[in-house]
Amino acid sequence: MTMSTAATTASETAVCWSCGTATADTTTFCAACGLVQPPGQSDHFARLAQPRSFDIDAAGLDRRYFELQRQLHPDRFARKTAREKAISQQQAAALNEAYETLKNPLRRARYLAQQRGVDLPGEGRTIDDPELLMEAMERREALAESTTVSAVQALESTAQEERAGLLQGLSAQFAANDKSGVRAAILRLAYLDKFTEEARARRFNLGASGQ
Amino acid sequence: MAYSEKLIDHYENPRNIGSLDKNAEDVGTGLVGAPACGDVMKLQIKVSADGLIEDAKFKTFGCGSAIASSSLVTEWVKGKTLDEAGTIKNTDIAKHLALPPVKIHCSVLAEDAIKAAIADYRAKTEKKTVEAEESAQAAE
């Protein structure tokens with residue numbers, strides 16, 4: 001009996017490749033024979049036993065990730081069959097991908113937005129948002145013109161404040177399923193994160209050159 | 001990844017970096033960006049009275065391929081008519097610079113930028129014409 005597609009993704013059934021016992025799609029190890037199972041189709045949230053929400057329990061996410069990572073450690077498979085080794089590596093790769101996606105707010109927002117059917121621009125074609133582009137351009141120009149570490153830090157702290165506000169907004173927009181709001185905030189966050197990355201590099205260069 | 005000599009040359013010695021007065025009537029500005037990579041690109045053209053692009057400037061914050069693509073476009077459009085400049089295709093840019101497949105989107109952005117600059121210039125001159133007609137009518 002299916003209630004809703006979102007709720008059933010996590011509990012789709014599979015069959016253990018070794019002993020044939022029915023298992024959930026999210027099962028890492030068969031409950032009957034204990035052998036490692038292929039990653040299956042479960043989404044990143046289900047893989048890490050997190051609710052499909054932008055608000056994430058960071059400590060809980062870490063806990064679940066490190067627990068699974070420990071269980072999938074190559075040392076534990078050193079004396080297992082080639083097939084189990086291969087499957088455990090697929091599991092580990094899927095686990096890392098899920099963790100890195102959910103850990104990072106921009107990646108998590110993009111992933112969740114895609115699940116919700118928000119239309120996000122890919123690479124290539126420009127976005128039609130002159131105001132955002134103008135802000136991004138001005139911010140990068142200001143960074144390029146900064147010649148001291150403290151000037152860069154001032155720009156960084158403004159960006160950090162804006163980022164905190166955006167993340168709060170995203171939480172509310174996802175909760176309200178405000179698709180256009182989510183889309184706009186993700187584009188803005190993408191530029192802010194890129195700026196932050198560039199600012200860090202610039203600050204490092206300025207610091208290293210002794211200015 | 002090996003980049004072509006032409007690409008490296010445009011990246012290391014970019015042509016026509018800078019800005020034109022975006023409020024000037026003979027200047028068209030295209031501001032484009034792809035948030036997926038956090039790139040932002042500004043391309044400006046200055047159009048002479050006889051409709052030729054007499055100057056072009058760009059400012060790009062992005063990867064080397066994005067910088068090289070916009071640099072190349074400013075070089076190509078100089079001396080061209082707006083219609084000619086509007087026919088520049090991203091595939092020409094990508095081919096000239098031998099962009100690797102993962103960087104094709106940078107040339108797409110540069111094509112968007114020149115198109116946006118042309119559209120901005122045309123919108124400005126149209127507005128000027130409309131305003132002139134309106135004031136002519138008002139004077140009657």
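This is a predicted model: local features need pLDDT of at least 70, side-chain atom pairs count only at pLDDT 80 or more; totals for chains, interfaces and linings use all residues.
**Entry: ring pairs**

I looked up the aromatic pairs over all chains and found five. I picked Y65(A) and Y99(A) to follow up. Their ring centres are 3.7 Å apart. Their planes meet at 5 degrees, so I noted the pair as stacked. The cut-off for stacked is under 30 degrees.

Next I checked where the two residues lie. Y65(A) is in helix α3 of chain A, residues 58-71. Y99(A) is in helix α4 of chain A, residues 82-103. The pair therefore ties together parts that are 34 residues apart in sequence.

Are Y65(A) and Y99(A) buried or exposed? I found both buried. I also saw that F66(A) joins Y65(A) and Y99(A) in a cluster linked by ring pairs.

**Entry: the two helices**

I then turned to the helices themselves. Two packed helices are described by the angle and the distance between their axes. For α3(A) and α4(A), the axes come within 11 Å. They cross at roughly 165 degrees. The cut-off is over 145 degrees, so I wrote down roughly antiparallel. The crossing of α3(A) past α4(A) is left-handed.

Which residues make the contact? From α3(A) I listed L61(A), D62(A), Y65(A), F66(A), L68(A) and Q69(A). From α4(A) I listed L95(A), N96(A), Y99(A), L102(A) and K103(A). The stacked Y65(A) and Y99(A) are on these lists.

**Entry: charges over rings**

Last, I looked for charged ends over rings. K80(A) has its charged end over the ring of F77(A), 5.2 Å from the ring centre. R108(A) has its charged end over the ring of F54(A), 4.7 Å from the ring centre.

Methods:
Residues are numbered from 1 along each chain as its sequence is written. Chains are lettered from A and ligands numbered from 1 in the order in which they are written. Side-chain values use heavy atoms; hydrogens and water are left out. Rings of Phe, Tyr and Trp (its six-membered ring) pair if their centres lie within 6.5 Å; planes under 30 degrees apart count as stacked, over 60 as edge-to-face and the rest as tilted. Helices (H or I, at least four residues) and strands (E, at least two) are DSSP runs, numbered from the N terminus. Buried means under 20% relative accessible area, exposed over 50%, partly exposed in between (1.4 Å probe, protein chains only). A charge sits over a ring if NZ of Lys or CZ of Arg is within 6 Å of the ring centre and within 35 degrees of the ring normal. Axes are lines fitted to C-alpha atoms, for helices over the stretch in contact, and angles run from 0 to 180 degrees between N-to-C directions. Angles under 35 degrees count as roughly parallel, over 145 as roughly antiparallel, 65 to 115 as roughly perpendicular and the rest as oblique. A crossing is left-handed if the near helix is turned anticlockwise from the far one by less than a right angle, and right-handed if clockwise. Contact means heavy atoms within 4.5 Å.
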